[in-house]
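I opened this notebook to record what I looked up, one place at a time. The structure comes before my entries.

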Amino acid sequence: MTTTLRPFAYRPRPPRRHALAQAAAACAALWLAGTALAADPVWPAKPLRIVVGFAPGGTTDVMARLVGKALSDQLGQPVVIDNKPGASGNIAVAEVARAPADGHTFLVAPTTVETANPSLFKFPVLPARDLLPVAGLGKTQMYLVSRPGLAATDVPSLVRLGSTPGKELSFASAGTGTAPHLACELFKQATKVDFVHAPYRGAAPALQDVMANQADFVCDPGIAFQHIRSGKVRLLGIVSSKRSPFFPDVPTVAEQGFPGADLDIWFGMWAPKGTPEAVIRRMDAAVAQALAHPDVARRYADLGAETVPLATLAFRAKLQQEAQLLGTLIAQQKIRAE
């Protein structure tokens, strides 16, 4: 019996370092996959905390509570609202900046905490450096509202009146450096009339003194609606790039011949720096879904606000644009917070 021998096929073994590299790559892939599987599905693993830099009952607080309720329903965890008022929102900014970056603490505030405050205050925490923008939550427009006894029915007549020799008009604001104050400063620049600033401690007392004929007009953030409709104050124009959905027949300041007076109050959400990008993406999507809810839109309208969602990238672009506008305005007008 004859045995046929097959030729031996030589297969060289791969170099040891090549084998080690393949093994390392495989381990890395397994580790990354395991990390993604372990980290992503468990968020949120505990109740979410939303820090609000203003007192309960104001526009920022009510927005945070409306969005927080919708987020809780979506994400299956309670959302706790933690009010930390003071220093135009800076105290809340600092609170969130030092919170763990584990995706369970967020800030809700007007965009001015990032776009105006750094130019107004000497404060060790900078939102642009120490926080991550997550999403826009909506906006309120600014309404140029005059006292009932003022002899002006629109923006041109207000400008003529303010330009009359010996006639000095004053505007009230929610406080030095607040968005209503900055809106009226833009109005001053657009009209080239040196209106006198009268700062108050909040938008409500500013409006009250306009109704009482103690100040001539105010850039109102949307709390004057019932008084406009009852005739206790007069709406002269919208300090925005477009007309208000609540008063569609009233032209903007720009439409009345004075471009440049355009400042909406935007509101948004931030997270501590270092919060995982996957959490930012999921929260961004959850906020958009919350703002799409009809009940949220209806309650926003009660505040004089609009549910205008801004995804993360669009929100970051809005912050950069507004910071340039307001930083320049504050420097030119030499505005300093009290």
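I searched the whole structure and found 1 cavity of 30 Å³ or more, where a cavity is a set of points on a 1 Å grid over the protein atoms alone at which a 1.4 Å probe fits but cannot get out. The model is predicted, so I note that local features need pLDDT of at least 70 and side-chain atom pairs pLDDT 80 or more, while totals for chains, interfaces and linings use all residues. Residues are numbered from 1 along each chain as its sequence is written, and side-chain values use heavy atoms, without hydrogens and water.

The largest cavity holds about 50 Å³ of space, a volume being the space filled by probe spheres set on the points, which are joined across faces, edges and corners. Among the residues lining the largest cavity (an atom within 4 Å of a point) I listed Asn 90, Phe 121, Phe 123 and Pro 127.

Next I turned to Gln 74, which I found in helix H2, residues 59–75 (helices are DSSP runs of H or I, at least four residues, numbered from the N terminus). Leaving out residues up to four places away in sequence, Gln 74 touches Ala 286, Gln 289 and Ala 290, a contact meaning heavy atoms within 4.5 Å. Gln 74 and Ala 290 are 216 residues apart in sequence, yet their C-alpha atoms are 8.3 Å apart in space.

Last, I looked up Thr 312, which lies in helix H13, residues 312–333. Beyond its neighbours within four places in sequence, Thr 312 is in contact with Pro 133, Val 134, Ile 280 and Asp 284.

Technical notes: Helices (H or I, at least four residues) and strands (E, at least two) are DSSP runs, numbered from the N terminus. On a 1 Å grid over the protein atoms alone, a cavity is a set of points where a 1.4 Å probe fits but cannot get out, and a pocket is an open set with protein on both sides within 12 Å along at least five of seven lines; lining residues have an atom within 4 Å of a point.
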